[in-house]
Amino acid sequence: MNREVKTTEDGSKTLFINEMNEGYHSSHGALQEAIHVFIKNGFNLKYNCGINILELGFGTGLNLMVTISDFLEKGSLFPVHYFALEKYPVLPKEITELNYASLFDFENAEKIYRKAHECEWSTETELLPNFFLTKFETDFFQLRNIPMPGIDLVYFDCFGARVQPDLWEKPLFERVAEKMNKEGLLTTYSSKGSVRRLLKELDFLVEKKPGPPGKREMTNAIKQ
Ligand SMILES: C[S@@+](CC[C@H](N)C(=O)[O-])C[C@H]1O[C@@H](n2cnc3c(N)ncnc32)[C@H](O)[C@@H]1O
């Protein structure tokens, strides 16, 4: 796949796949979107105790970085175990070009960002005290074969249904739901009606939330 680095409207960069005409983040602002969808409507709502996070898919690692930034701001009081799946890892030269560490002012941001990308797959790595990352280089549909503890927070960050419709249908949401604890929260930038309906079918309590810049709505779903 031919990927190129592009700058989004808030000045932060993203990857763009020309063949698919699809970006890894919103063109209105990659950083703003990550903070709005995954921190404001995700991490902030669940991080009042130790939590397990599952991300589909890991990609550039921007969601990991916004999570670490907020975790540190909140005093890193409780442990975070972050699990992430990715089938098409980003390349070292893309990581350098994205330059995401420059978006954050926490200590050792560059070192932590590098370590997150360079650490071994399928092995838990302590990225900083109380924050653990385990990445799996695999297809999302292998989720049933991946051991992990009950998940409290899901960052559902797949490419859009226009390009990967199978990732927005029941089989994948079923596999994700199986991994989640009761009262676990799934957050996604998508506002698709069909996605909300099938999450309800899978016994989630579904809430529409205002979307990030450039998007009217997004979705939160709480497992019952
Ligand atoms: C919208 S991008 C978001 C990535 C990431 N959250 C970020 O902030 O950069 C979707 C990611 O899913 C990955 N992906 C696509 N299909 C996949 C599959 N079937 N299994 C695992 N990963 C997949 C892509 O390679 C890409 O990294």
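A residue counts as buried if 20 or more other C-beta atoms lie within 10 Å of its own, and as exposed if 12 or fewer do. The model is predicted.

**Exercise 1.** Find which residues of helix H4 are buried, and state where they lie around the axis.

Solution. Step one: H4 covers residues 109–118, and Ile112, Tyr113 and Ala116 in this helix are buried. Step two: these residues span an arc of only 100° around the axis, so they lie on the same side of H4. In general, an α-helix has 3.6 residues a turn, so residues three or four places apart point the same way. Step three: Glu110, Lys111 and Glu118, on the other side of H4, are exposed. Step four: the cover over the buried residues of H4 includes H2, strand E6 (125–128) and strand E7 (131–137).

**Exercise 2.** Determine the strand order of the open sheet of 3 strands, and say which strands stand at its edges.

Solution. Step one: the order is E1-E2-E3, with antiparallel pairing. Step two: E1 (3–7) and E3 (22–23) each have a single partner strand, so one side of each has no neighbour in the sheet. Step three: E1 is joined to E2 (residues 13–17) by 5 bridges. Glutamate 4 is opposite phenylalanine 16 in E2.

**Exercise 3.** Describe the shell of residues around the ligand.

Solution. Step one: the ligand has 17 residues around it, and Gly57, Gly59, Thr60, Lys87 and Tyr88 come nearest. Step two: helix H2 (62–73) and strand E5 (80–86) are the elements that give two or more residues to the shell. Step three: by class, the shell holds 8 nonpolar, 5 polar and 4 charged residues.

Definitions and conventions
Residues numbered from 1 in each chain as written. Predicted model: local features only at pLDDT ≥ 70, side-chain atom pairs only at ≥ 80, totals over all residues. Pairing = 2+ DSSP bridges. Helix = DSSP H or I, 4+ residues; strand = E, 2+ residues; numbered from the N terminus. Near = placed C-beta within 6 Å. Nonpolar A, V, L, I, M, F, W, Y, C, P; charged D, E, K, R; others polar. Arc of directions from axis to C-beta. Contact = placed C-beta atoms within 7 Å.
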